[in-house]
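Please look over the sequence and the structure shown here before reading on. The text then goes through a few local features in turn.

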Amino acid sequence: MRRLLFYSIIVFLFLSGCQSDTKKSAIEVVEPSIDVVQSDGTLSEVIRDSNILQPKMALTFNGLADEETMLHLLEQLDALSIHATFFIEGMRVAQEPDLVKHIVAQGHEVQSGTLSFEDMTTFNYEQTYKDLLLTNQIFEQHLGFTPQFVRSRSGDATENMQSAAAMLDMTAVIESSINPQDRNMQSAEEIVAYIERFINSGAIIHLNTYINPAIIDAIPLLAQSLEQKGYTLTTLTDVINNKYTVKQLEEIDGYDKIQFNLDYENVEPFIYYRKNTAKKEIALTFDDWASEEQTKKILDVLRQYDIKSTFFLIGSGVEKNPHIARLIMDEGHEIASHSYNHLDVTQMTPEELQEDLIKAHRALTYALQEAPLLYFRPAQGVMDERTAKIIAATGMEVTALYDIASFDWNIDYSAQDIYKRIMERVGPGKIIVMHVLDDTQTVEALPLVIEQLQQQGYTFEKLSTWIEQDFDEKVD
């Protein structure tokens, strides 16, 4: 508390404009009166990434390096037409307001880095409130605005930060989704390589201005890499403002369509393997979950050939990056469940299996902002009669299997191996399963398979089209 008191005194002198008057300063060295507004239980949002569909990532920096380093960094960003967000300590804003104003004049945004980048995990609510309030006052005094976002030095949000930010009408406490920990003094190439592993639309990149000089050389390398992949770097506010509207799960129709029901013995499951037809039509389906980069490559191929598919997605993956599921849906593909944990369903208890199905359905529903198809595909396609009944009892309408396993999940399979395995098994009404997985040859094999099937006169159908046709025929 004494440290915060010390900073409070210094801040008071900065705000009162008497820091250069030694005699007056001696008289004014008392804790400024700060009325702490007690928390009403409201917590500000914690943002570590943003659900957006545009290929943008927020470039953010913590701290204020020396003037020479900052000017060099700003020149690099300006040369690349990149605008970033800087989280700067209130004390540094008070000490070097002209440098901070120059950052803003260059088109970047400046947000609160707390008062002096203290370890906020050790602060109670009162200390946290005073820290953020004093920082806001410095911003207002020297920059003419109050910051809306705050981030600690470590990038970790505390509940006291959330409470204090809410009471101060700040928008959010910011964490980060990509933090290469440049304090470990990596090279520029190593920093960029780390970031490349976690590329996602709406990601927040966390770098520091004052620790590792390699970050300046990393900026052009990063910009070039992201441009090749179709991404741009921008400010935090730009990323957050492009976030799509999200309803709470309970507000979405169909979120509760899958429910516990252990009375399954007399349930008749609908298991779908293929369509009984002589027409040259085939269904191309995809299982699992991958990075955004790999997913977009697959979507690009399907778009190129104007093919719509059915994707069976793993709920735990969707929960971490829901916008990827939205990208798939927005391309016109349909989405169904591939479980939450991707376990062998025949080895699960009825309670475990139904809980898994409910979690997966709700993860998909929240990500899509609408209920997915009530279709389920088990991991590895493993199924038995009892398990099929347990699944159907939850309200799952179809257990959707397949009869052409591409084996594209096998990293030892080349594109030609995948192509050969599929083409040896094609036939009217068959269902092909491929996979949305990283480090596979799926993207390379996909055009080979599609072009050959099209040359043979095949058309591609979504599973729902076939299933609805077959269901109507049953009813008739």
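What follows moves from the overall chain to its aromatic pairs, its backbone angles and a surface patch.

The model is predicted. The chain contains 18 helices and 17 strands. Taken along the principal axes, its C-alpha atoms fill a box of roughly 95 × 50 × 35 Å. Of the 476 residues in the chain, 55% are buried.

Aromatic contacts come next. A pair of aromatic rings is described by the distance of the centres and the angle of the planes. The structure holds eight aromatic pairs. One of them joins Phe270 and Tyr272, with ring centres 6.0 Å apart and planes at 90°; the pair is therefore edge-to-face, since planes over 60 degrees apart fall in that class. Tyr272 has a relative accessible area of 3%, so this residue is buried. Phe407 and Tyr413 form another pair, with centres 6.1 Å apart. Their planes stand at 50°, so this pair counts as tilted, because that class takes the angles left between stacked (under 30 degrees) and edge-to-face (over 60).

Phe407 and Tyr413 also belong, together with Trp409, to one aromatic cluster. How accessible is Phe407? Its relative accessible area is 28%, so Phe407 is partly exposed.

The backbone of Phe407 deserves a separate look. Most residues other than glycine have a negative phi. Phe407 is not a glycine, yet has a positive phi of about 60°. Phe407 is placed in the loop between strand S15 (404–405) and helix H16 (415–423).

Ser81 is also a residue other than glycine with a positive phi, here near 55°. Where is Ser81 placed? Ser81 sits in the loop between helix H3 (67–79) and strand S3 (85–88). With a relative accessibility of 64%, Ser81 counts as exposed, because the limit for that class is over 50%.

On the surface, Asp66, Glu67, Glu68 and Asp98 gather in a patch of negative charge. Asp98 belongs to helix H5, which covers residues 97–105. Why can Asp98 be called exposed? Its relative accessible area is 61%, and exposed means over 50%.

Definitions and conventions:
Residues are numbered from 1 along each chain as its sequence is written. This is a predicted model: local features need pLDDT of at least 70, side-chain atom pairs count only at pLDDT 80 or more; totals for chains, interfaces and linings use all residues. Side-chain values use heavy atoms; hydrogens and water are left out. Patches are made of residues with over 30% relative accessible area and no salt bridge: like charges are joined within 9 Å, nonpolar side chains (Val, Leu, Ile, Met, Phe, Trp, Tyr) within 5 Å. Accessible areas come from the Shrake-Rupley method with a 1.4 Å probe; for residues, only the protein chains shown count as cover. A salt bridge is a side-chain nitrogen of Lys or Arg within 4 Å of a carboxyl oxygen of Asp or Glu. Lys and Arg count as positive and Asp and Glu as negative; His and the chain ends are not counted. The place of a charge is taken as NZ of Lys, CZ of Arg, CG of Asp or CD of Glu. Helices (H or I, at least four residues) and strands (E, at least two) are DSSP runs, numbered from the N terminus. Buried means under 20% relative accessible area, exposed over 50%, partly exposed in between (1.4 Å probe, protein chains only). Rings of Phe, Tyr and Trp (its six-membered ring) pair if their centres lie within 6.5 Å; planes under 30 degrees apart count as stacked, over 60 as edge-to-face and the rest as tilted.
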